Amino acid sequence: MASRKTILTLLLAVMCLWCKAQKVVFAPQYTPQSQFAGYYVAKAKNFYYDEGLDVVIRHIGVGTKETSADLLIDGQADIAGQQLFQSILLCDKGTPVVNVMQLTQRIGLCCVTRKPIKSVKDLDGMKIGKWVNGYSEICETLEKAENIDIEWVPAFNPVNLYAYGAVDGILVYSYNELIQLDQAVGGIDNENVFVFADQPSLDIPEDGLYVTEDYYLKNRETVEKFVRATKKGWDYVREHPDEALEISMKVIRDNNIVTNRSKEKNMLEQYLKLQINPATGKPDYAQISESELDKLISAMMANGAITENVEHKDFIR
C-alpha cells in the first residue's frame, strides 16, 4: 500500500504539471456541434494536457456576426478553425495568417434550390439565402467568373428563409444545414442540390487550423503540440465514432444548444467523409499543394476577390 508521503508526492507532481500547462484558447467556427468532435475528444481524453497544454475551447455565440477569425484578429483566440478561402481573404486585407493543419480535403458547401439545377448557370437571376457572418465568398467569386447575377439575402439561419418561401434557394453545408433542411421539409431531391465538390474548380480543401503569423513565430512549439494532439483526437474519433458522439453531446448539452442526437450523428458521419483525400481514398491531413494554391490564388485575383499574391511558403507551415 502506498505511503501517505508517496501519495502526497504524486499529488504535488500532478499539480506542478498542471501549473506548468500552457493556456491556449482555441476558437472553432461555430457553436458546439459534432463538427468539432476531434477537439472535444482531444480535450476529454487529455491529449492536449499530455502535451503540456491547457486548452480552452471558445465557441462563438448563436445569432451573432462574430466569427472565429474575429477572435483570432482581436487576440481573444490563439488558434482558430477557419476556411481556406476566407483565410486567403484575411491575408489580402493585411492580416497575415498561416495554415498549421488541414482538416478537410473537400468542400462541403452546397446550394439547395426550389427547382432542379443542372449547372451553375441555372443560378442566374435567383434570390439565394446566405449566412450573415460570411462563408459565402467563394460563391460571389463564382458569380463573377460565370458572369451570372444572384441576389444574395443574408440571414442568421438561411433555412428559415427557405422554409417560409422567401428565397429561390439557400447555401447549406452537407454536414449541417442540408441535414436540418432535409428533416424540416421531409426530404430533398438530389436534382435540387448543387454540390460544389462536384465541380473540379471549386472542390478545394476547406477547414483548417490557423494562427496569426506573429503568434506562429513566437509560439511554434506550442502550435506543433496543439496540432499533434488534435490529430490524435480526430484519429480517435474515426476509430471510436460512437464514443466521440457521446463526448460531443455532453459539450452540446453543457452549452444548452438545441439539437438532437440523430442530427449530430449524421453531421459527424458527413464531416468525416470530407476528411477523405480524393487522391488516396483515405482520410489524412495533407496540405494544399503549391500548384493547387497558385491556381486558386490566380482565380481569386482574376475575379477581383483579392489583389495581392499569397505565397505557399508563407501561408502553409
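A: By class, the lining of the second largest pocket holds 16 nonpolar, seven polar and four charged residues. Here Ala, Val, Leu, Ile, Met, Phe, Trp, Tyr, Cys and Pro count as nonpolar, Asp, Glu, Lys and Arg as charged, and the others, Gly among them, as polar. The model is predicted: local features need pLDDT of at least 70, side-chain atom pairs count only at pLDDT 80 or more, and totals for chains, interfaces and linings use all residues. Residues are numbered from 1 along each chain as its sequence is written, and side-chain values use heavy atoms, with hydrogens and water left out.

A pocket is found on a 1 Å grid over the protein atoms alone: it is an open set of points where a 1.4 Å probe fits, with protein on both sides within 12 Å along at least five of seven lines, and lining residues have an atom within 4 Å of a point. The second largest pocket has a volume of about 620 Å³, the space filled by probe spheres set on the points, which are joined across faces, edges and corners.

Its lining has 27 residues. Closest to the centre are Pro 200, Ser 201, Leu 202, Asp 203 and Ile 204. Helix H6 (137–146) and helix H13 (290–302) each give at least two lining residues. Helices are DSSP runs of H or I, at least four residues, numbered from the N terminus.

Now the largest pocket. Its volume is about 710 Å³. It is lined by 31 residues, with Tyr 30, Thr 31, Gln 33, Asn 176 and Glu 177 nearest its centre. Helix H8 (177–185) and helix H12 (261–273) are the elements that give two or more residues to this lining. The classes there are twelve nonpolar, 15 polar and four charged.
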